[in-house]
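Work through the exercises below with the sequence and the model at hand. Each task is followed by its solution in steps.

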Amino acid sequence: MVSNTKKPNRSLRYYRENRGWSQQKVAELVDTSEDMVSRWERGVTKTSPYYREKLCTLFEKTAEELGFIEQEYTQASDQNPKYDTITELLQPLVEQHQCAWVIAWGLGEEVSNIELVCDSSIQYESTMPDSLRQVLDDWCEKNQTKCHEKRRDPVGALVRLEKVEWSHSTYKYFVLLSPGRYLSYVAIHPHLGKVQLRPLREAQLDNALKGLKNGEYLRLPSNFALHMAVVSQDGYLLLRRRSSDTELYPSAWEAGIGEFMHGPENTPSPEYESGPRHSQFPHFTDNGLPDLFLFLKNAVAEELGYHEAQQENFCLYGFAVEYETLAPKLLVVYNANCMITDLLESAKKAKDRARELSSLELTPRAIAKAFSNAHYASWGSTSKLVMLLALKQDFMAKGRVDQSSEMIGLIDCFEPKKESIDPRKLHE
């Protein structure tokens, strides 16, 4: 039976994710299809009494707890006014979000569930499509000094993201990487929102937004990068401000840190002159293998000057793509074992220091206030999403089911929508 209005069943989705189950898993347990479970959660189809009973038994919850019974607007709803105000407070974060989910790991994944594999035989620049090669050559012609500088970076100084695959046999995600360098990235990605590259952007859009989810190889020179929210032990988000001379998002505030993966230390000469610092902050093991924990831990050490991060402190939530650049970022929430004052103090002495540092309490009201504060004039594209992920994680850890469900609704706004990715609506 199809409902007249599509009202997502966030409670059903919350309890499924809280068990760590996929929609396919639930479908198998109640003898239906994955598509039907998806339709229930999205509110496209109402759950029949037969399946309501099965789902209530499966989750050991009442029909009301699983969101099957429509609530009257009575005193019961008034007893929890925060449920409505969270969405109202955080609406500015989702109205112009500037990035989109391409792979979403709802409850987050542990570091041990993600395996990195680097194939050194893949040479992207030698197999680059002609359309991208032309853009690279044109950029180098117009920026000869910078091009010469970047050509000194050896292939492999950075790492390119090729594809992501899920293995049913090992229950792991495999992230395939290859040698890369900053030249191709800086010559193409920052300019994809410009008028002259609109045809190229339109041609690569589908692959950029669906490729990782569908297990396809990416065609753009997407370096493997992360954006990490940093939450202190006393419940504060660490904020960093970008430099004013960066080509992308100058002077923008970011919730946490961003970092490219350093290639193996023994990349062939000439030496990589302008960072990353392979020997100080390695992301590959001594055996030349990519290591996700080293990437996460040493990103914190390099940008925040804090060296005590532990593997269990990191939770990975998937990949998002920046609309303007079509650049994918691995989204991470890091819960530090220290107070915000300690993090801010160590960040002042970091090797890769920010232009400015700040912090805010990890609450909807504090985040909303920051977005209306003129001091925080602009924000990095993935920061809004990673803030919501950190807040959702905090709600779930504290058992605040209603607030967690509401956060899911806000986070869902970052799923790709055609009207949001029209190249003509980008900054020219």
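Residues are classed as nonpolar (Ala, Val, Leu, Ile, Met, Phe, Trp, Tyr, Cys and Pro), charged (Asp, Glu, Lys and Arg) or polar (the others, Gly among them). The model is predicted, so local features need pLDDT of at least 70 and side-chain atom pairs count only at pLDDT 80 or more, while totals for chains, interfaces and linings use all residues. Residues are numbered from 1 along each chain as its sequence is written, and side-chain values use heavy atoms, with hydrogens and water left out.

**Exercise 1.** Find the largest cavity and class its lining.

Step 1. A cavity is a set of points, on a 1 Å grid over the protein atoms alone, where a 1.4 Å probe fits but cannot get out; lining residues have an atom within 4 Å of a point.
Step 2. The count comes to one cavity of 30 Å³ or more. The largest cavity holds about 40 Å³, a volume being the space filled by probe spheres set on the points.
Step 3. Its lining consists of Asn-207, Ala-208, Leu-218, Leu-220, Ser-222, Val-321, Leu-326 and Pro-328.
Step 4. Six of the lining residues are nonpolar, two are polar and none is charged.

**Exercise 2.** Describe how helix α2 packs against helix α4.

Step 1. Helices are DSSP runs (H or I, at least four residues), numbered from the N terminus. Axes are lines fitted to C-alpha atoms over the stretch in contact, and angles run from 0 to 180 degrees between N-to-C directions.
Step 2. The axes of α2 (residues 23-30) and α4 (residues 49-59) come within 10 Å and cross at roughly 110 degrees. α2 is therefore roughly perpendicular to α4 (65 to 115 degrees).
Step 3. With contact meaning heavy atoms within 4.5 Å, Val-26, Leu-29 and Val-30 of α2 meet Tyr-51, Lys-54, Leu-55, Leu-58 and Phe-59 of α4.
Step 4. This contact of α2 with α4 has seven nonpolar residues, no polar ones and one charged.

**Exercise 3.** Treat α2 and α3 likewise.

Step 1. The axes of α2 and α3 (residues 34-42) come within 8 Å, crossing at roughly 110 degrees. The two helices are therefore roughly perpendicular to each other.
Step 2. Gln-23, Gln-24, Val-26 and Ala-27 in α2 touch Glu-34, Val-37, Ser-38 and Glu-41 in α3.
Step 3. By class, the contact of α2 with α3 has three nonpolar, three polar and two charged residues.

Conventions
Angles under 35 degrees count as roughly parallel, over 145 as roughly antiparallel, 65 to 115 as roughly perpendicular and the rest as oblique. On a 1 Å grid over the protein atoms alone, a cavity is a set of points where a 1.4 Å probe fits but cannot get out, and a pocket is an open set with protein on both sides within 12 Å along at least five of seven lines; lining residues have an atom within 4 Å of a point.
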